[in-house]
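Subject: Structure handover and notes

Hello,

Here is the structure I promised to pass on. My notes on it follow below.

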Amino acid sequence: MSTDPRAEIESIPILPLRNSVVFPASVVPINVGRARSVRLVEDLLGQDRAVVGIVSQKDADVDEPGFDDLFEVGTVARIVKVIRLGPSNYSVVLHGLARHRMLARGPLEPYMRARVKRIPEDLERDAALDALGQKLRDATRELLQLAPNLPKETSGVLDNVREAGALADLIASNLSSEQASVGDKQKILETFDVKERVEAVIAIVNRQLELFRVKREISNMVADEGKTQRELILRQQMKSIREELGEGDDDDVEELRERIRQASLPEDAQKIAKKQLGRMSGMQPQSAEYNVTRTYLEWLSDLPWKKTTPDKLDVEDCKRCLDEDHFGLDKVKKRIVEYIAVRKLRADKKGPILCFVGPPGVGKTSLGRSIARSMGRRYHRIALGGVRDEAEIRGHRRTYVGALPGRIIQGLKKVGSKNPVLVLDEIDKMGVDMMGDPAAALLEVLDPEQNNTFQDHYIDTPFDLSQVVFLATANNPETIPGPLWDRLEVIEVPGYTRAEKRSISLEFLCPKQLSSHGLTDERLEFTKEGVETILDSYTREAGVRGLEREIGAVCRNVAMRIAEGEDVHETTTPELVQKILGPPKYVPDLAERTSQPGVATGLAWTPSGGDILFIEATQMPGRGDVVVTGNLKSVMQESASAAVSFVRSHAGELGLDPEFLKTIDLHLHVPKGGTPKDGPSAGITMFAALSSLLLKCALKKHVAMTGEITLRGNVLPVGGIKEKLLAAHRAGIKEVLVPNRNMRDLEEVPKDILAEMQVHLVGRVSEVLPLVLEPPAPEAEAPPASGP
């Protein structure tokens, strides 16, 4: 065994300490009372220059610690003096010599022993280290003036110890457990680099200085306690006086003060709230201004300034939610999944403002609910149809009687979160009047670069809307102002095909209606044939709202019969559907309409989806007048004029007399005159109707067309190709003429629709008639002459 203190590695006894740390160069007394420690001290009694390893315990509550309960770094110390205090109880004075690290564990009995390596101290000095040492001296001297409970010898240490490392050790040793915990001291003991050690001790001393400064400030505040007590007494007297007068008390003010404190308002809003609370405390509760101020403060405290819900940005879960709630709409779902994926990779990215445009009943609003469910966010819908007042968006100023915040702030208060999904429904149906333009007010709300400081007139302080996911819906994009349209990323939600409607009915609508009417499949079973009957004979729409209504009517009839006591077990055959819903509302009329010359079938786009449009032409004796009826607007009237001019200018090519218009009048009519009609897509349809009339040749029964013409004979592209082809498919059209420059739009049409109809691409008017005219009927052979 080596006990020479100059040896690098030695085997020495280990004395564990509970609540203290011994540093090199320090002299400290400790009490020894545990069995192992007593045996160690008694074994070393009488030995000259005996050394031990002093190691602190990680947990002071362990009575018999093992090596796992001790820190690895301790202090090699010499036993200077041993005083017997009683049986198995000693006071030992230790002199710290150097740091050591335990390398190998020895036996635990009769006392702990380990092989340790002493850590040599770096005694080199430089200017930076001397400056740190002086800084430590100055800070400690200041602490001595504020903390009289520090040991008196600390002042002597500052004057006599010149080596910075030893100075840091001695100052740390003299700090009390309140000023530096065992963990803090142990970290200093384990800091072998002298500069880092001095900086660590300076940090602890500065922390104590700051603590004493705060205590001094508190003492100064307590010195003003007399004034505070006086104000408290006066407030209590004021409270008693108000109670005697029946004016209530300050409970409302204190309640609002606590609610505002818990709301974590931003600094600007906090200043406004404090000012309003001060004004409110001096008002009489019966006054009108008191109630106005109270309502305002309640709004401030109820808004979700910092309340958010955690995002659940799982792409697969988003796909599942969308597929559960909606059938088809692959393009729309793809864009939404992309949106969720980007939010997952970059949560702080300002997302686009998505706007779903499509006919009614296709699921635009419910898409917002699905997005909210897939993201784990709260959902709120704001109906903007018919809104004409700017204050509906920005709120009223508080000077008005009955003022309230705008619908955006109201929605945020209702959901209780600053990052919900807000659906702005029917933004194309907002109006404008003398009260302002709500669409203009939405420009700030829907601009990601501005809405982080949205200021409602009622709240009158900025509110951050940048974390809100805004979704908008519209039927007719033409009524949306240009600046607002520019801020939206438009996603078209087209109508459904017949096959999609059938699948939606069987998978979604029928189970939903059965459940809402308290029915089961045993009572009423919907079949494919019955659903198709409802589709073909009782609905003609782009969406499924009317379809769901008719399915509900069938369910109500069965529910009524069950309520009357009848044991009903029905299957929706076409006969049962017609019996319940009555005569068919829609009957195919293409054959009747197009069986005679002068009738052509066109395709039109409407806010409710695509539709077929019949154009009729007739002639009568006259002087060359052209009459156009059917409540047509200027664009369609110009299309009619262009069609007549083209026929007249190309009469020879069509086999007509160039002077045909001198003796007749022409009349072009579009049925359903109660509905205004406009749009640049009926040119070739009017040309086909006129040519059919003048050539006395009927058009094919199952052919429809769309496209605008020029006087030079070109067919111009038009919009709404997908919606128009869906309408043609619903009406049973088999062939469609489309401008060849609309070829790219056919990629958006479902494949099953294109497979069931033939699409002709035309670029010149001359290509139209050969595709749409019925072939001439073969002449009947003359009967043989009979003999005389």
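By about how much of a helical turn are aspartate 317 and arginine 320 separated in helix α11? They are separated by about one turn, because they stand three residues apart in that helix (residues 315-325). Helices here are DSSP runs of H or I with at least four residues, strands are runs of E with at least two, and both are numbered from the N terminus.

The model is predicted: local features need pLDDT of at least 70 and side-chain atom pairs pLDDT 80 or more, while totals for chains, interfaces and linings use all residues. Residues are numbered from 1 along each chain as its sequence is written, and side-chain values use heavy atoms, without hydrogens and water.

Salt bridges

A salt bridge here is a side-chain nitrogen of Lys or Arg within 4 Å of a carboxyl oxygen of Asp or Glu. The whole structure has 46 of them. In the pair of aspartate 317 and arginine 320, the closest N and O atoms are 2.3 Å apart. Through shared partners, salt bridges join Lys312, Asp317, Arg320, Glu324, Asp325 and Arg373 into one network.

Arginine 39 and glutamate 109 also form a salt bridge, at 2.8 Å from N to O. Arginine 39 is in helix α1 and glutamate 109 in the loop between β5 and β6, so this pair ties together parts 70 residues apart in sequence.

Aspartate 68 and arginine 105 form another, with the closest N and O atoms 2.8 Å apart. Aspartate 68 sits in the loop between β3 and β4 and arginine 105 in strand β5, 37 residues apart. Both residues are exposed.

Strands

Strands count as paired if DSSP finds at least two bridges between them. Strand β4 (residues 73-86) runs antiparallel to β3 (residues 51-56), with four bridges, and antiparallel to β5 (residues 89-105), with twelve. Arginine 78 in β4 stands opposite valine 51, and its bridge partner in β5 is histidine 95. Two residues lie between the strands in the hairpin of β4 and β5, where serine 88 takes a positive phi near 55°.

A buried loop residue

Proline 405, in the loop between α14 and α15, is buried, with a relative accessible area of 2%. Its C-alpha atom is 8.7 Å from that of tryptophan 299, 106 residues away along the chain.

Regards

Conventions:
Buried means under 20% relative accessible area, exposed over 50%, partly exposed in between (1.4 Å probe, protein chains only).
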